[in-house]
Amino acid sequence: MTKTSDLSLEIRGEREEIAVIRLTRPAKRNALNDGLILALRNVMDNLPATVGAAVIDGEGDHFCSGLDLSELKERDAGQGLHHSRMWHAALDRVQFGPVPVVAALHGAVVGGGLELASACHIRVADETTFYALPEGSRGIFVGGGGAVRIPRLIGTARMTDMMMTGRVYNAVDGEKVGFAQYLVPTGTAFDKAFELAQRIAQNAPLTNYALMHALPRIAEQPADQGLMAEAMMAAIAQSAPEAKARVRAFLDGKANKVKKQD
């Protein structure tokens, strides 16, 4: 295990295919400071080649309570701009990094914590989870990519409501509006997230890469451009030797067929 004062990294799995990245500031409800953000970027940039998926978790009772306001510094407009762009670069490495990332959410997923969660590809929340964007009442604005990512999950109107009124979503309502794709019993978010990461790591790497890097961009393109980009990505993915081997295995009856899940 690799550990700093803010973050830990553990590589798990029979093939060392899962990176478990944990925020380790439980006394601060895992509030984000620059050191943690930079450590997260460094981890994502230096994952071992064996890793095929990652889980981000928070130590203690909360995933992440947002920006550590005790470390908030006065900045002029230029300094504030560059500071926000530093956060953007780090969270971009989560969304557009080397492997898919599953967030294991519990307790507070607030402010910058929600920005971090929204940069992950899949979010699993347990029943203790709650979501909020208190920046409006504190005289500040989201600066870690939330203005782009969160409306894509829940819509601009809901985000506006949260920031203007201080509305807090509980775990059940949060899953309904799109904050999380999975809702699980209290204390089981990490186990479910790890299970999903193991499944994801078994996919063809190029398909996972296309889902992380191509699909979000295709979704933002006009239809005719998106269809062309889709066709090119499909051609590239199916030309990979691993893809051809998997198709042959299916045609030879050696691969599992899709079945209804309970």
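Helix H2 gives the largest share of the lining of the second largest pocket, with 7 residues. Keep in mind that this is a predicted model. H2 and H3 each supply at least two residues to that lining. The pocket holds about 470 Å³ of space, and of its 27 lining residues the closest to the centre are Leu 67, Leu 72, His 83, Phe 141 and Gly 143.

Now for the largest pocket, with a volume of about 840 Å³. Of the 36 residues that line it, Gln 95, Cys 120, His 121, Met 212 and Pro 216 are the closest to its centre. Several elements give two or more residues to this lining, including helix H2 (77-95), helix H3 (112-119) and strand E7 (122-126). Which helix gives the most to the lining of the largest pocket? That is H8, with 8 residues.

Here are the two linings by class:

Let us turn to the aromatic rings. The model has 3 aromatic pairs. One of them joins Tyr 169 and Phe 179 edge-to-face, at 5.7 Å centre to centre and with 70° between the planes. This pair links distant parts of the chain: Tyr 169 is in strand E9, while Phe 179 is in the loop between helix H6 and strand E10, 10 residues apart. Both Tyr 169 and Phe 179 are buried. Ring pairs also link these two with Tyr 131 into a cluster.

Charges meet rings here too. Arg 217 lies over the face of Phe 96, 4.3 Å from the ring centre, and the charged end of Arg 12 sits over the ring of Phe 194, 5.7 Å from its centre.

Notes: Residues numbered from 1 in each chain as written. Predicted model: local features only at pLDDT ≥ 70, side-chain atom pairs only at ≥ 80, totals over all residues. Heavy atoms only, no water. Phe/Tyr/Trp six-rings, centres within 6.5 Å; stacked < 30°, edge-to-face > 60°. Helix = DSSP H or I, 4+ residues; strand = E, 2+ residues; numbered from the N terminus. Buried < 20%, exposed > 50% of the residue type's maximum accessible area, 1.4 Å probe, protein only. Lys NZ or Arg CZ within 6 Å of the ring centre and 35° of its normal. 1 Å grid on protein atoms, 1.4 Å probe; cavity = no way out; pocket = protein on both sides within 12 Å on 5 of 7 lines; lining within 4 Å. Points joined across faces, edges and corners; volume = space filled by probe spheres on them.
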